[in-house]
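Biologist: I would like to learn how to read side-chain packing and pairs of aromatic rings in a structure. Could we go through it step by step?

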Amino acid sequence: MVVNMKSARETPGQTPGSPLAKFPFDPARLPFFYGTVALALGTLGVLASAPGQTIGVSVFTDFLMDAHQLSRSWISFAYLVGTISSALLITRAGRWYDRYGGRWMSAAAALMLSLALTGMSFSAEIAESIAAFLPSVDRSYTSLAVLMLGFFAMRFFGQGMLTLSSRNMVLEWFEQRRGMALAFIGISVAFGFSLTPPFFEWLIQKGGWQWAWQTIAALVASFAIIAFCFGRARPEDHGLLPDGPFAKDARNIHPETRNGRHFTLSEARGTYSFWVFTFCTVLSGLLLTSLSFHVVSFFADAGMPRREAVAIFIPAACVSVVVEFVASWLSDFVKLKYLAMVQLIGIVMLSLSLSFLGSQTSVVFVVLGMGLMQGMFGIIASVTWPRFFGRKHLGAISGFSTSLVVAGTAVGPYLFSVAHDQFDTYRVATLLCALFAVILLAASLRADRPQ
């Protein structure tokens with residue numbers, strides 16, 4: 001499907017028809033819809049961000065403690081500072097995406113993440129060298145500073161830039177079939193991320209934690225080359241249309257999925273729906289990260305063994321995959337506010353079951369609530385922005401929302417720790433999460449697409 005169309009994104013080095021935009025080949029000349037390649041590439045990009053996600057970093061925590069002679073609380077503090085610092089710049093990264101496109105941003109983010117992982121593998125030696133150069137500074141402080149910088153780079157280029165640019169590139173190539181595309185990404189990433197800890201652990205056992213990070217860095221750098229060769233920013237840059245042969249007859253499209261107005265970031269932030277959907281994803285990310293950090297403590301307070309605490313993630317992942325697959329398909333046909341309501345019901349279910357944890361029935365509701373919340377998260381955090389606010393400023397809008405989500409994942413575990421220290425229970429924190437979810441559930445009734 002080829003049309004003559006001027007691109008909305010005309011930047012130096014990537015204007016429609018420029019040799020660089022079509023290097024090493026032009027997608028318009030291929031006998032198939034290039035969106036399928038963008039979908040596969042975007043999925044690989046999200047998977048390549050795993051070393052910068054909490055699930056990937058956690059495998060190396062104990063080794064960093066030993067190498068730097070720091071306590072777990074100090075490592076966690078360095079991680080908190082690095083994550084919040086990265087959140088402050090993700091909106092800027094979104095603007096870079098709008099200017100340069102998914103191809104360049106994915107490749108650059110992967111390359112920088114690779115360098116960050118390599119640097120972290122030598123973090124102990126770097127801290128030692130700095131301490132030797134500054135003898136008046138205690139070694140623990142140099143270690144803390146090096147880890148803060150390293151965690152910042154891993155979180156910004158991994159969880160931030162690489163994830164954002166990879167997902168957005170797919171959203172550019174699919175409009176009416178975004179749900180279908182996200183279903184593929186969601187299922188692939190769910191299984192891929194579940195294999196991340198054992199794969200990283202296997203590398204560590206094979207060659208040590210430093211060698212493992214260096215090997216992972218080489219794999220991520222390989223993806224940077226793939227992204228540069230096969231990534232393409234927008235179909236319009238090549239005279240193509242989103243969805244290609246998968247496009248549906250306009251008469252069969254749900255009104256909310258049709259092309260609408262293109263909002264700027266400031267205009268989007270001025271809408272009611274933007275904040276309802278953003279707070280839904282922030283609350284979901286905050287609660288999930290807090291549970292992941294304190295899951296053993298949650299179950300210990302309820303008099304339940306460690307093995308039961310760790311075991312909940314596998315069935316929850318299975319529920320999440322089913323929910324995300326069904327909801328992704330439905331997202332092409334129903335209003336997003338109804339899917340947001342399902343996510344909020346999952347948050348309420350999870351929060352209340354954690355508040356009164358103690359029986360096998362409550363564990364079942366923990367699994368169901370977590371599965372509902374996780375399954376809906378990827379859809380709400382991805383489909384909402386292009387559908388409600390258009391694609392012209394997609395990077396800036398999604399980047400700003402993502403920055404708030406990342407900040408929530410950073411402060412959540414700390415706030416839950418404070419609640420437990422003050423009240424000797426997590427119940428206050430979980431009940432507050434349930435209360436906020438109920439408020440958002442009521443607010444979501446009016447969260448329609450802005451006009």
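Modeller: Let us start with a term: contact means that heavy atoms lie within 4.5 Å. Please keep in mind that this is a predicted model.

Biologist: Which residues does R391 touch, not counting residues up to four places away in sequence?

Modeller: With those sequence neighbours left aside, R391 touches L171, E172, E175, R178, R234, P235, E236, P242, H262 and P386. With E172 there is also a polar contact of 2.9 Å between the side chains.

Biologist: Where is R391 placed, and is R391 buried or exposed?

Modeller: R391 is in the loop between helix 15 (360–389) and helix 16 (394–423). Buried means under 20% relative accessible area, and R391 counts as buried because its relative accessibility is 6%.

Biologist: How is a pair of aromatic rings described?

Modeller: Such a pair is described by the distance of the centres and the angle of the planes. By the rule used here, the count comes to 27 aromatic pairs. In one of them, the ring centres of F263 and F389 are 5.2 Å apart and the planes stand at 80°, so the pair is edge-to-face. This pair links distant parts of the chain, 126 residues apart, with F263 in the loop between helix 9 (209–230) and helix 10 (265–269) and F389 in helix 15. Both F263 and F389 are buried.

Biologist: Why is the pair of F298 and Y426 stacked?

Modeller: Planes under 30 degrees apart count as stacked, and the planes of F298 and Y426 are at 25°, with the ring centres 4.2 Å apart, so this pair is stacked.

Methods: Residues numbered from 1 in each chain as written. Predicted model: local features only at pLDDT ≥ 70, side-chain atom pairs only at ≥ 80, totals over all residues. Heavy atoms only, no water. Helix = DSSP H or I, 4+ residues; strand = E, 2+ residues; numbered from the N terminus. Buried < 20%, exposed > 50% of the residue type's maximum accessible area, 1.4 Å probe, protein only. Polar contact = N/O pair within 3.5 Å; in protein donor to acceptor, adjacent residues only side chain to side chain. Phe/Tyr/Trp six-rings, centres within 6.5 Å; stacked < 30°, edge-to-face > 60°.
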